[in-house]
Amino acid sequence: MSRYYTEDHEWVEVDGDIGTVGISDYAQGQLGDIVFVETPDEGKEVAKGDEAAVVESVKAASDVYSPVSGTVIEGNPALADTPELVNEDAEGEGWFFKLTLSDTSELEGLMNESAYADFVSKL
Amino acid sequence: MSLDVQTDTDSEPEILTLPLDAWHRARGGRMVPFAGYEMPVQYEGIMAEHLWVRENAGLFDVSHMGQLTFSGEGLDAALEALMPVDMAAAKPGHPVYSLLLAENGGILDDLMLTRLESGDIYMVVNGACKWDDIGHFREHLADEITLNHMEEHALLALQGPKAVTALSRVIPGVEALVFMQGAAFAWEGHELWISRSGYTGEDGFEISVPAAGVEALADALTAQDEVKPIGLGARDSLRLEADLPLYGHDLDEETTPVSAALGFALKKRRREEGGFPGYDRIMAERENGPILKRVGLIVEGRQPVREGALVVDAEGSEVGKVTSGGFAPTVQKPIAMAYVPAASATPGSRITLTQRGKIHHAEVVPMPFVPHRYVRKGA
């Protein structure tokens, strides 16, 4: 399994052709207290860069873009009642959705963990 | 996702710093441009800061707000010509809420004014409006009246149920004040003006302090166990829960006092005698009811509706708008202030909203969302 990051602070963990998507720990820290997450429905087709989810903090709403193209398998049902999971464990239990990747070559344009850490350190 | 922070940057391109700038940064305050200044939006997090204020005491830096004094012959009449305040009833040391009105009755700003023992009037106006307000006063007040912009003064607000305990330890005597009463105090050689007032719905104080003394005073206050520094993010959620409208969001030049549900600012003598801007329109609205009225909403579900969401009718046509909205930390639900058609303004009315293509349902509820805890005379 490998984890990739976007410059927009999403991550995708890939296992075969299944990807799990969330926002980075850095992003949740910047957003502050998360009070609502809207995840995409099963079966939804998303292209790389599409708005796929919405995350709302006390202050503001932010769109979450899909890091890769594919078909959504499921949204994280736990976020409906406990959106604060994103604050507590953004890169684990606070994942947003899973999808079947339609083009694994898209991963080549994303950052790995150390490249992302380097990217964030310069923000 | 984009992490660009939405802020209320004004037309002034230059971002200025206030006396406590370094103090906030040293305490981890996240600084954002607001009303032309760099201001702390949060320290540890809006939710925690909000709840801290409801249970303890929070120190807010509101030095971006405009502090003005007025003096001169005919001052009372001159101010009455610009706002619906009853200056005869403005007793020394008792702050009064009023509205600066445009010729058409629209609201130019909401403000607090206090007659001082000297006879001068001390006024606190919104930071985002202060330059326009000063221009408006200079244009409309006679030459006999002197307007002084207290640019060398900072303004702190200490808010929360334990504010009185903490502040009276530092400045003995403040506990004798009641809600909407102020007095002069001295602290470490600095002259302070302190009033028991604020914008959170909690008991608390606003403290005008010379810029030279504000850092030491902020240190002395946050040295108290009850007090933490609180950012403007929590100030916004606190004031929303307390039914306190925010200028530039819930109030603007298009809004009248009646529509804004601020009829209490139209003082009885002034309603009878008239002589304030927009009088005819405002009294007609008072008589016949406004077209739109500001109400409080509790939104179903967990997703907040924000400023800019639309109120729609059964056909989906726009009939109103949300002017403030967010997740309310004390209520633990999404709440909002909105302008809705007068027929839908009574508590219990069901409201349909649209935001980013999605339908939301809400119910009109009595405000405030969280009961006020002001300390009144005789209480």
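This report describes the fold, surface and nonpolar cores of a predicted model.

## Overall fold

Chain B contains nine helices and 19 strands. Its radius of gyration is 21 Å, close to the 21 Å that the globule rule gives for 379 residues, so chain B is as compact as a globular protein of that length. Along the principal axes, its C-alpha atoms fill a box of roughly 65 × 50 × 50 Å.

Contacts in chain B also span the sequence. Take those between residues at least 6 apart: 67% of them join residues at least 24 apart.

## Surface and charge

Of the 379 residues in chain B, 56% are buried. The accessible surface of the chain is about 15700 Å². Carbon and sulfur atoms account for 50% of that surface.

Chain B carries 33 positive and 55 negative side chains. The centres of these two sets are 8 Å apart.

## The nonpolar cores

In soluble globular proteins, nonpolar side chains tend to be buried together. Here, the largest nonpolar core has 28 residues. B:I171, B:I194 and B:L217 have the most contacts inside this core. Several elements of chain B give two or more residues to it, including strand 3 (57-61), strand 9 (153-159) and helix 6 (211-222). Helix 5 of chain B gives the most, with five residues.

Look closely at B:I171. Beyond its neighbours within four places in sequence, B:I171 is in contact with B:F185, B:W187, B:L192, B:I194 and B:L217. There is also a second, separate core of 26 residues. Among its members are A:V14, A:V68, A:L79 and A:L85.

Notes. Residues numbered from 1 in each chain as written. Chains lettered and ligands numbered in written order. Predicted model: local features only at pLDDT ≥ 70, side-chain atom pairs only at ≥ 80, totals over all residues. Heavy atoms only, no water. Helix = DSSP H or I, 4+ residues; strand = E, 2+ residues; numbered from the N terminus. Rg over C-alpha atoms; globule rule 2.2 N^0.38 Å. Buried < 20%, exposed > 50% of the residue type's maximum accessible area, 1.4 Å probe, protein only. Contact = heavy atoms within 4.5 Å. Areas by Shrake-Rupley, 256 points an atom, 1.4 Å probe, with all protein chains shown as cover. Lys, Arg positive; Asp, Glu negative; His and termini not counted. Charge placed at Lys NZ, Arg CZ, Asp CG, Glu CD. Core = buried A, V, L, I, M, F, W, Y, C linked by side-chain atoms within 4.5 Å.
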